[in-house]
Amino acid sequence: MSSAFKDMAAIVSEHPMFAGFAAEHRELIAGCASNVRFDAGALLFREGEPVSRFYLIRYGKVAVELASPSRGHITIQTHQEGDIVGWSWIVPPFHSYHDARALTLTRALAFDGACLRDKAAADPEFGFVLLKHFSQLIAQSLERVQLQLVDVYGEVQSA
Amino acid sequence: MPEAAAVADPMVPVPYRVLRQRREIDGVHTLDFEPAEGRTPFRALPGQFNMVYAYGIGEAAISLSGDCDDTKTIRHTIRKVGAVTAGLCSLGKGDSVGIRGPFGRPWPLDEARGADIVVVAGGIGLAPLRPAIYGLLAKRERYGRIAVLYGSRSPEELLFLDELKRWRGRFDLEVEATVDHTTGGWFGQVGVVTALIDRAGFDPDNAVALICGPEIMMRFCARELEHRGMSPADIYVSMERNMACGVGHCGHCQFGPEFVCKDGPVFAYDRVEPIMTLREV
Amino acid sequence: MGAIVKKPRVLDAAALGELFEALKAAGHTLIGPVPRDGAIQYQPIDGVADLPAGWSDFQDKGRYRLNETGEASLFDYASAPQSWKRYLHPPRLKLFSARREKGRIRFDDEAEPIPKYAFIGVRACDLNAIAIQDRVFIGNGQIDPHYAARRERAFLVAVNCSRAGGTCFCTSMGTGPRAETGYDIALTELIDDRGHRFLLETGSDAGESIAAGLDAAAAAPEDIDAAAAISERVAGNMGRSLDTEGLPEILAKNLSHPHWDAVAERCLACSNCTMVCPSCFCTSVEDTTSLEDGTAERWRDWDSCFSGRFSYVVGGQVRDSTRSRYRQWLTHKLSYWHEQFGSSGCVGCGRCITWCPVGIDITEEAAAIRATDEA
């Protein structure tokens with residue numbers, strides 16, 4: 001086992017998202033990970049393109065954006081250290097529906113979605129655990145978008 | 001039966017004068033008031049509110065937004081939402097108002113001694129929390145880590161920006177701000193305020209959270225704090241109802257068994273959660 | 001030494017006027033029952049001649065009728081539409097006037113003359129209702145000086161019910177039919193072969209001092225027994241009943257019960273029930289400015305949790321539907337009141353049932369929730 005792999009296994013096991021995973025499942029995940037870096041301005045995802053990865057941000061800042069001809073880049077959400085970015089890799093047809101742009105130099109672990117999907121298919125128990133955790137992430141992000149949509153601060157309240 | 005003659009009418013305001021006023025953001029003004037006649041110092045606690053009377057128009061319940069250690073002036077940050085608040089926001093130095101108060105239960109700053117503090121503000125909700133932040137910083141040594149998490153609709157609607165920057169420069173305070181919407185020119189975070197809770201540094205087993213903002217935002221934040229392991233009994237929210245008399249006599253601000261004016265506006269979340277999730281209570 | 005027990009006296013009906021005169025001499029304005037406009041009304045009276053001699057009432061859901069009986073009895077009716085609340089907690093009251101002098105606001109408390117009432121004919125349920133409002137306006141941390149001043153000066157002459165009304169349920173609420181406490185003088189009207197007279201009991205020093213000046217002899221055991229028998233008979237004839245066992249908890253945990261929708265289909269949100277309720281206390285204030293001289297005033301009016309703007313917060317009403325307003329009223333009255341003021345907010349006077357234009361019955365609604373309590 002290489003020391004780089006051990007590092008990745010350590011990072012994975014320390015992250016709250018994977019804390020509930022069994023050791024062997026964490027190893028499966030770490031086995032699909034690689035280190036990546038993005039300069040400021042580089043895209044992690046591009047709208048409409050196939051997505052084969054998700055990222056665990058280790059350093060830096062990432063904006064999830066939608067582009068509009070009249071309004072430019074509309075930032076929906078920003079991510080930073082510790083955040084997991086991207087779940088399109090697990091939902092067919094595995095396409096991104098937004099851009100994700102590094103706002104600063106960003107270092108991350110990239111997880112190969114095809115690799116994880118294969119492992120999940122081969123080990124349904126692992127697949128279930130993985131889906132369960134990602135569905136929580138998806139639900140959380142859905143909730144946040146709902147909160148954004150209702151424009152709560154438009155609901156006027158006197159202080 | 002008590003001696004009625006000795007009792008002052010809690011419905012009659014005391015005259016105050018505007019000392020200064022400033023526009024904070026669009027539609028939100030901060031006014032400082034001093035007694036119109038020499039009077040005893042005004043003592044209030046962070047989280048309490050006054051009923052502020054605009055001459056001939058009416059009264060509005062407005063939280064204190066200044067430093068409660070300052071007993072000479074009363075500071076209110078007011079959002080124009082109706083005739084009374086618009087009237088108040090249009091006042092200038094030397095103009096007169098009436099004030100009744102202070103009313104209600106304060107933020108539990110004494111009870112929170114020794115704990116980490118998570119302050120979560122949404123929109124204008126930072127105003128009622130500012131006195132609490134002053135109080136925490138004035139006795140900084142009493143508390144563990146302190147995080148101030150602030151969410152607003154857009155960068156233009158962030159309140160007390162200068163002060164936020166100043167607080168952010170401190171080493172003993174974590175300050176994070178996020179906005180729901182931006183189209184550029186903002187280098188801070190984008191997303192809802194609940195996302196900040198995930199990352200804030202505090203020990204969920206020994207923390208007290210103070211939340212003020214729209215009711216939906218407070219519910220989402222409380223849930224996020226519970227998700228991080230906090231007990232609902234350690235989460236405090238400041239409720240908004242139509243407080244009118246301030247003393248539990250008029251009945252308007254009832255919220256289940258509570259009179260928001262005197263049992264609140266600050267409530268432990270475990271007390272109000274069951275009814276907060278019901279409609280039209 | 002034990003507590004001093006004042007011996008009951010007996011007052012001849014013909015001497016009732018002496019009591020009224022004594023109260024007037026003590027500076028009291030008499031407010032008593034008067035048959036007017038088809039109902040018993042508590043209004044200023046001058047003497048015994050104003051009382052509803054020979055009148056009785058019929059009450060049921062949404063129904064009230066005054067009947068002439070031809071009897072000699074002066075107090076043979078159940079709850080009057082309006083309670084004594086309108087005198088202690090006036091429906092409309094000026095709280096202050098203000099003017100601007102050299103840019104400064106001057107507030108003038110209303111230095112109104114505080115009326116000194118003597119209430120004649122307070123029923124046991126209403127004595128309890130007054131005690132409830134005492135807790136709201138005096139015993140609740142902050143004192144309402146308008147209420148407190150009127151209350152402090154008021155002299156209460158209770159008259160024990162000789163008949164239960166069709167919508168009465170004071171026995172269920174533990175508030176009657178016999179006046180136990182909270183009165184200065186309590187009377188029980190006795191009409192039998194021993195004559196038309198009143199058993200007179202005193203409940204305060206003020207009551208004792210007035211009674212001492214009357215031509216009233218010590219009551220005979222027969223008079224005391226006769227009065228007790230009347231209360232016992234009335235207690236057995238209640239028009240309604242309400243099972244209060246565990247009711248506060250049952251209502252509090254059934255806020256989403258479908259039955260609230262059923263009530264809302266009938267309820268007009270007219271607020272009659274809150275207006276006639278002797279314990280309902282909600283008010284709104286109105287701030288005004290005079291166009292003539294710029295004087296500002298604040299007036300306080302009775303309001304109701306059924307009214308449109310009652311729960312207004314910036315942006316809309318919290319309680320927009322009739323369902324939520326009825327639920328608020330009922331749960332406040334029968335459940336949350338306990339937590340707020342240490343007792344039920346209902347005294348079983350039955351007014352809300354009688355005066356509901358569509359005949360909604362608080363005892364039936366509470367029972368319906370209880371019967372289908374599944375929470």
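The model is predicted; local features need pLDDT of at least 70, side-chain atom pairs count only at pLDDT 80 or more, and totals for chains, interfaces and linings use all residues. Residues are numbered from 1 along each chain as its sequence is written, chains are lettered from A and ligands numbered from 1 in the order in which they are written, and side-chain values use heavy atoms, without hydrogens or water.

Start inside chain C. Domain 1 of chain C brings 42 residues to the contact and domain 2 of chain C brings 41, where contact means heavy atoms within 4.5 Å. About 3600 Å² is buried between these domains, with 57% from carbon and sulfur atoms. Buried area is the accessible area (1.4 Å probe) that two parts lose on being put together, summed over both.

A salt bridge puts a side-chain nitrogen of Lys or Arg within 4 Å of a carboxyl oxygen of Asp or Glu. Asp301(C) pairs in this way with Arg92(C), with the closest N and O atoms 2.9 Å apart. Which elements supply the domain 1 side? Strand 4 (55–60), strand 5 (63–68), helix 2 (85–88), strand 6 (92–101), helix 3 (124–137) and helix 5 (170–173) of chain C each supply at least two residues. Helix 3 of chain C gives the most, with 9 residues. Helices (H or I, at least four residues) and strands (E, at least two) are DSSP runs, numbered from the N terminus.

Next, turn to chain B. Chain C puts 57 residues into this contact and chain B puts in 48. Together they bury about 4300 Å², 57% of it on carbon and sulfur atoms. The interface of chain C and chain B holds 3 salt bridges. Glu339(C) forms a salt bridge with Arg271(B), the closest N and O atoms being 3.1 Å apart. Several elements of chain C give two or more residues to the side that touches chain B, among them strand 6, helix 3 and helix 11 (322–341). Helix 11 of chain C has the largest share, 8 residues.
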